[in-house]
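The sequence and structure are shown below.

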Amino acid sequence: MTTTRTIDRASLGWLGLLVVSTVGLPWYATGGIGASALTLGLSDRPWLLPVAGLTFSLAALALIARDWRRHALLLPLVIAALAALLLQAFGIGLNGPVLPALGTLFPTAASGQTGLGLGGFLAGLALLGLLSDGLAARGFCRGERFASACVIIIVALLTLFVFFPILKLGAAAFTDETGALALGRFVERITAPNLWGLACFTSSQSCGVVINTLQLGILSATFATALGLALALLVARTDFRFKRALRALSILPIITPPFVVGVAIIVLFGRSGMLTQFGAELFDVRPGRWVYGLTGILMAQVLAFTPVTFLVLLGTLEAINPTLEEASKTLGARPLKTFSTVTWPLLRPGIAAAFLLAFIESLADFGNPIVLGGGYDVLSTKIFFAVVGARYDLGNAATLAMILLGLTLVAFWAQIRWLGRSNYVTVTGKSDAGLVAPMPPMLKFAAIAAVLPFAAFTIAVYSIVLLGGFVTDIGRLDLTPTFGHIWTAFSFELGTEGLRLYGSAWDSMITTLWVSALSAPLTMAIGILTAWLVARQDFAGRRAFEFGTMLSFAIPGTVVGVSYVAAFNVPPVDITGTMIILVISFVFRNMPVGMRAGMAALAQIDRSMEEASQTMGAGGAKTLRNVVLPLIRPAIFTALVYSFVTAMTAVSAVIFLVSARHNMATAYIMGRVENGEYALAIAYSAVLMVVMVACVALIQLLVGKRQLGRRTGMTGATAAQPAE
Amino acid sequence: MKDNAETQDLAIEFVGVVKRFGDAVAVDGIDLAIRRGELVTFLGPSGCGKTTSLRLIAGLELPSDGHLRIAGRDVSRDPASERNVGMVFQSYALFPHVSVLDNVAYGPVIRGVKKAEAHAKARGILDQIGLGGLHDRLPAELSGGQQQRVAVARAIAQQPDVILFDEPLSNVDAKLRRKVRSEIRALQQEFGLTAVYVTHDQEEALAVSDRIVVMDKGRIAQVGTPEDLYERPASAFIANFIGDANLIEGRVMAGRFAAEGLDVPVSGADGPASVSIRPERIALDLSADGPARIASGTYLGSRMEYAVTLGGTELLVSRPISEPRLEAGQPVALRIDTGGVTRLS
Ligand SMILES: Nc1ncnc2c1ncn2[C@@H]1O[C@H](COP(=O)(O)OP(=O)(O)OP(=O)(O)O)[C@@H](O)[C@H]1O
Ligand SMILES: [Mg+2]
């Protein structure tokens, strides 16, 4: 702490990184160590010179300035360098200049340039670091440099990996195949009769895709909410015997790849399904294809989403203060009256939340419609077919994606409007002590009647998943045990040359494990950091920042997938077909979950503990490590597990992003389902689920879920006071 | 910290400091100099900006305008971690996951002192503060008072330029307050610390401070020693806020203040004026033809407090408990100690 600071270590770190990445590292993704911005700029790519030149100016400033961070020239230079970097990166594409002005300025730009490499990305990162340093010196984030760097870098990442792809996709909807603006094409696309047709309500023809999507969403949300409510009432308000089993059941869908239920339904009810055959023999009718289409998707979705609605409604029910119901009883109301006048009105917000949640999930669902759809198209599958396969039509896919995104955002907006941001709090909300009112008997029987078929169905589906991979042909009820399917997928040989993996599934399994293992800690880190920034830091634009992260959560996976296709298969960020793009897509899709877990945990912690740490000389990073992280361990665990599990089971975004070299388990299974290899698909799914559970156990072992004991509960009470 | 800080005796300087939160102005232009080794109290009604001023010193907020110097160095843009200011939080803010010893050693360890050395130092301070046997406990295993002392020990252990207390007694049992506050005062003097103390309890402020800064709506209303403020309040707000006061409107003419039934000497120019008279500076004379009447009496244990009407005004008068009680309606004469009359601006 001296007043004659020239440049300190942190700033020197960023500056050093900047110099190394413009002078020493390969600027492009393709190219050797020698091909840095400086050397290329001096030979035939003069548009790289401004970045290199500004880098040297910054270094020179560091040598002469007395107080570098506060020097009036620092921010202008950094911003100019960032602008120069972005302008050349986006202004000159693979086939020459995108901005004609750059073409006249730099004739050699006509030969184009490839995507940015290590040097380019690290130079960008270093400039962002310097920007955050300079801003912190001017009071941004209360002068806290670590927080400032986190804000700037996370905003940049979100912009690059969430908003830029969506914008690029949006642009694709308004352009034609050559990339020229074509409003006419957009009008044509968005008014296409196969989008909005209402024929299914009046005839046996099918409706438009949008109508189908909405119809499915509403039906599926209605049924899932009703079932969820029945379950929640049974668990919270009766002495129903199988409560624990019901709670356990609700965890299953989280670890179930989304289309597995669909496959099980085909095995049960498909053309040659078990029950179909059985029914056909019983009633002597020809087996039908009724399960393909709305009915089948609906069954699968209700099964998949009911646990979510159940958890939301259980949270709401448990948060209802029983004294209210008691009060009603002491005033002489009968159970049914109490329920309809007290419990039901208090439940309504929870019901709305559950409905919207299921609706949003249904809009985003890709796995079930693609397995069970038959001729019933919904937006997510239609988008997929528009970019995969022979009829590649990005403009059309983009238009459909924009419609899907619009619908989702409306539902999301309604959810926020209705419930504020409290909806995740109610999920865990616990009530005061007190006796809950028993349910009116009539209601109880209705609930049981609704729940029993659901339970039976769930058990049937999961028995098939567990059993199907290990018997010869479960569809035809040939229950001879076999490891044949597993062996096809995972055969190996332990020979003289060591372990050799022959099975067809190994590649995708290993990629999946890699991607999950890489993305889980990254997702957790970015999610928790973001939560900490939003909950604890004070910076201009914090509200917008928070809103942006929430928005990124609302984007359906299919839309993310197709937007990545639109944005990242051309320079400057050309990462299609790599494992990086898979990891990145998971990190930014799942990050909001980690963030929510982090925010909920931080809300429980008195922020003056962090402030105490700061006054004792710990900067943001040390405070985070020494004080915050130890206290929010459960949230870290949640974030890790969630992101790991989602990376293993998600299909909607990755299906667009996998490549022959980097295939993922879910995409592979999907392929088997399309080929009708159900047994193999089921066997692989079962293995996937087992691996997942094992990994979760491992994470638990590593992170530990140790809660601070009851003794600390005492300070917890004082700590719960809001900081002044 | 810095050599030239010795030449100038100031620990903290506020120069036109303003803090805005959006549209709200929490601190509205404060100029204040705090000397080394001094204990200064920020006193004022709720929401007047005491905590905000304290947090500005700590670096937990940065001023929107103006400058702040600590030990001669301008720290207006420095974050908390780059200042050297210890703070005792209202909720104590002990780290629940580490032992008492690690809590106290945290500051030195963060600043690069070796762990063993920091622990030795923390032990020394804990022993000195009377918490010798509790090193290995977790904060949750201590009583409230002990937690408070650990918080103080932790702030002292970092050898701060300034130590800050934000309402340190608000979580302490009412009976213990007097004891704890004199302990804090003793520690502050023993370690020669510059301290800033926030409270909205005027008695506490009078008891511990070298000087008191009374704040009102984000501004400084008056600065002075406890005696200054009590005996010579600058405004009706101060007179009312610190202790009880009779505020009387009237006129000054030729060095005498006159109001209905009152005539006392004051200083200053002629014209309309108001004065403050403390209740204990008025004595009551039992004379049958006195101009005033007892309206009511309140028993306060250590003294009696009477409401006395004099013409149209009602005055508060306190009287030792050993004197005979007075009945409501009784006529009395007032004898005013002229040293206790303060003209308000
Ligand atoms: N982070 C903040 N955001 C917005 N307004 C704030 C913030 N912190 C304080 N304020 C406002 O600034 C004003 C001064 O607050 P401050 O906490 O300094 O008061 P105080 O004097 O400590 O009051 P108390 O005696 O009640 O603790 C209040 O009106 C408060 O609402
Ligand atoms: Mg306060």
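## Cavities

On a 1 Å grid over the protein atoms alone, a cavity is a set of points where a 1.4 Å probe fits but cannot get out, and lining residues have an atom within 4 Å of a point. Grid points are joined across faces, edges and corners, and a volume is the space filled by probe spheres set on the points. This is a predicted model, in which local features need pLDDT of at least 70 and side-chain atom pairs count only at pLDDT 80 or more, while totals for chains, interfaces and linings use all residues. Residues are numbered from 1 along each chain as its sequence is written, chains are lettered from A in the order in which they are written, and side-chain values use heavy atoms, without hydrogens and water.

Eight cavities of 30 Å³ or more are found, and the largest cavity holds about 190 Å³ of space.

## Lining of the largest cavity

The lining comprises 18 residues; Arg142(A), Arg536(A), Gln537(A), Glu611(A) and Gln614(A) lie nearest the centre of the cavity. Two or more residues each come from helices H24 (506-536), H28 (608-615) and H29 (620-631) of chain A, helices being DSSP runs of H or I with at least four residues. H28(A) gives the most, with three residues.

## Cysteines

Over all chains, zero disulfides (pairs of cysteine sulfur atoms within 2.5 Å) are found. For Cys141(A), the nearest cysteine sulfur is that of Cys150(A), 8.7 Å away.

Cys141(A) is buried at 1% relative accessibility, where buried means under 20% relative accessible area (1.4 Å probe, protein chains only). Cys48(B) is also buried, with a relative accessible area of 1%.

Key:
Buried < 20%, exposed > 50% of the residue type's maximum accessible area, 1.4 Å probe, protein only. 1 Å grid on protein atoms, 1.4 Å probe; cavity = no way out; pocket = protein on both sides within 12 Å on 5 of 7 lines; lining within 4 Å.
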